Amino acid sequence: MFFLDATAWTLENMIIRITAAFVLGALIGIDRGAKRRGGGARTDAAVCVGAAIVMMTGQYMEVRYPGASDMARMASQVVSGVGFLGAGSILVTGHQVKGLTSAAGIWICACVGLAAGIGFLDGAVLATAILLGGLHILPWAEEKVYQHSRYVILYIEAVEGGVTTELLRRFRDDGCKVDVFEVDRSGLEMRSVAISTTIRIPAGMNKEEYVDSLMEIIGVLSIDSM
């Protein structure tokens, strides 16, 4: 049933577990580092090895002091505790959020380390392979799907006044469905507002051309689209 079984408590298996955790964590980190993303090989390898050590310590305590410890509880503490590392890699700049994938990668490394630490090498290797493959395939798939999506997120900077009303009227007249429409007036002293909106553009209408046409509205200073 298991191809890579290292669950027995032996010195050889301990070396295999720690080495597997280090290698798998480093592979995930190298993939993130190659894309100039957060995490990196050293961070992910350290997280993976640390999680493996926690799991091995739990098994050691169970071997030496049967019934006095709970390996599942130690594993749950790693899964929840590694969150502070992931939170540190998330950056919010203006209307963009960066680092979510890196944070998820650090969390995954902890999970892979737990699997390797308990000797479940099949799951650790398989999870790493699927993760690395998925991270390369999903961007391509997302691009293909998003090309046909009618939804667009707009970040609009405009002068204070009747621009918000004019935008809503324009969306309604053009047949656009407004899902989200938020106005930030924190820049009131500069007589400007920041508008965040998500709209669904009718079929047959070019998204890029429509976004460019919104610049013709008097009072619109700039538009960023996603």
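Start with the open sheet: four strands in the order β4-β5-β3-β6, paired in the antiparallel sense. Two strands count as paired if DSSP finds at least two bridges between them, and strands are DSSP runs of E with at least two residues, helices being runs of H or I with at least four, all numbered from the N terminus. At the edges stand β4 (177-184) and β6 (220-225), each with a single partner strand, so one side of each has no neighbour in the sheet. From one strand to the next, the twist averages 20°.

Keep in mind that this is a predicted model, where local features need pLDDT of at least 70, side-chain atom pairs count only at pLDDT 80 or more, and totals for chains, interfaces and linings use all residues. Residues are numbered from 1 along each chain as its sequence is written, and side-chain values use heavy atoms, with hydrogens and water left out.

Within the sheet, β3 (residues 151-159) and β5 (residues 192-200) pair over nine bridges. Look for Leu-154, which sits opposite Thr-197 in β5.

Now for the helices. Helix α7 (residues 163-173) lies across β3, β4, β5 and β6, at about 175° to β4. Helix α8 (residues 207-214) lies across β3, β5 and β6, at about 160° to β6. These angles run from 0 to 180 degrees between N-to-C directions, with axes as lines fitted to C-alpha atoms, for helices over the stretch in contact; contact means heavy atoms within 4.5 Å.

Over in helix α1 you'll find Asn-13. Leaving aside neighbours within four places in sequence, Asn-13 is in contact with Ala-6, Thr-7 and Ala-8.
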